Amino acid sequence: MKLELVVGPPQSGKTQFLLEQYRQALRASWPGHALWLAPTAMAARQVRGRLLTESHRAFLDPRIWTFDQFVRAVLDRAQEVARQIDLVECVEIIRHLIFSLLHQGKLRYLAPIAQLPGTAAWVADFIGELKHHEIWPDRFWQCCQQKPDGPSDKDHDIHLIYQKYQEFLEQHCLYDSQGAYWRARDALQNGQQEPVPQLEILI
């Protein structure tokens, strides 16, 4: 597939140009041979709306997806056996781990606030940010040890919870939103399958 980069300042007609290329591809090929990836659900709806109103015709299965939908399609075709958890489940798992570690006397920094309502959500956000940058527990701990004063009590607790969280997911065949992207990437790199067979255009 040939790669083309379309650049320009705001309101210069980039989206209009790409929409016309996409319409031509939809008219010229069978349904499902084109794919448009949008960053958000709102952006995807806007593209669908413009595709319909400006072309005065409907297209069967135009495949205008968010990145989350694309990842889901990759995992579905890879026949992923593990189950994805949502943010609420993620926070509940971390809350359970915090309480367990608290009762075992293994928490330092978080011990006084472990049972407050927002603690688990804060830790989940912190771990989510680490996972977004693909920083695994061992790598996080290595970075903490390189600090001039060494790891803090906060670093100790975050590392411990993060490690237990990853172990819990693996033991129960679960993955979170960040893990879904990693699994999809690995499936594509390993050539397990194609999310959109015979893809002719990707925007």
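**R83 and its partner.** I started with R83, which is partly exposed at a relative accessible area of 43%. My cut-offs here: buried is under 20% relative accessible area, exposed is over 50%, and partly exposed lies in between, with a 1.4 Å probe and protein chains only. R83 and E89 join their side chains in a salt bridge, 3.1 Å from N to O. By salt bridge I mean a side-chain nitrogen of Lys or Arg within 4 Å of a carboxyl oxygen of Asp or Glu. E89 is partly exposed too, at 27%.

**Ground rules.** The model is predicted, so local features need pLDDT of at least 70 and side-chain atom pairs count only at pLDDT 80 or more, while totals for chains, interfaces and linings use all residues. Residues are numbered from 1 along each chain as its sequence is written, and side-chain values use heavy atoms, with hydrogens and water left out.

**Other salt bridges.** How many salt bridges does the rule give? I get nine. One of them pairs E20 with R27, whose closest N and O atoms are 3.9 Å apart. E20 is partly exposed at 31%, and R27 is partly exposed at 42%. I then found R23 as well: E20, R23 and R27 are linked in a network of salt bridges.

D155 to K147 was my next stop, with the closest N and O atoms 2.7 Å apart. Is D155 buried or exposed? D155 is buried, at a relative accessible area of 6%. K147, on the other end, is partly exposed at 38%.

**Helix α7.** Helices (H or I, at least four residues) and strands (E, at least two) are DSSP runs, numbered from the N terminus. α7 covers residues 153–171, so I count on 19 residues, and the first C-alpha to the last spans 27 Å, close to the 27 Å expected at 1.5 Å a residue. That expected span is 1.5 Å times one less than the number of residues.

H159 got its own look. H159 sits in α7 and counts as buried at 12%. Setting aside neighbours within four places in sequence, I see H159 in contact (heavy atoms within 4.5 Å) with P137, D138, F140 and W141. After the helix comes C173, whose phi is positive, near 55°.

**Nonpolar cores.** A core, as used here, is a set of buried Ala, Val, Leu, Ile, Met, Phe, Trp, Tyr and Cys residues joined through side-chain atoms within 4.5 Å. Which members of the largest core touch the most others? I94, I98, V123, I161 and Y165 do, out of 25 residues. α4, α5, α6 and α7 each supply at least two residues of this core, and α4 gives the most, with seven. I checked V123: beyond its neighbours within four places in sequence, it is in contact with I94, I98, L110, I158 and I161. There is also a second, separate core of 14 residues, and A34, W36, A38 and I201 are among them.

Y109, I113, L116 and W122 make a nonpolar surface patch of about 360 Å². Patch members have over 30% relative accessible area and no salt bridge; like charges are joined within 9 Å, nonpolar side chains (Val, Leu, Ile, Met, Phe, Trp, Tyr) within 5 Å. The areas come from the Shrake-Rupley method with a 1.4 Å probe, and for residues only the protein chains shown count as cover. I placed L116 in the loop between α4 and α5, and at 48% it counts as partly exposed.

**Positive phi.** Two non-glycine residues went on my list. Q11 has a phi near 65°; it lies in the segment before α1 (14–28) and is exposed at 84%. E134 has a positive phi of about 55°. Where is E134 found? I located E134 in the loop between α5 and α6, partly exposed at 33%.
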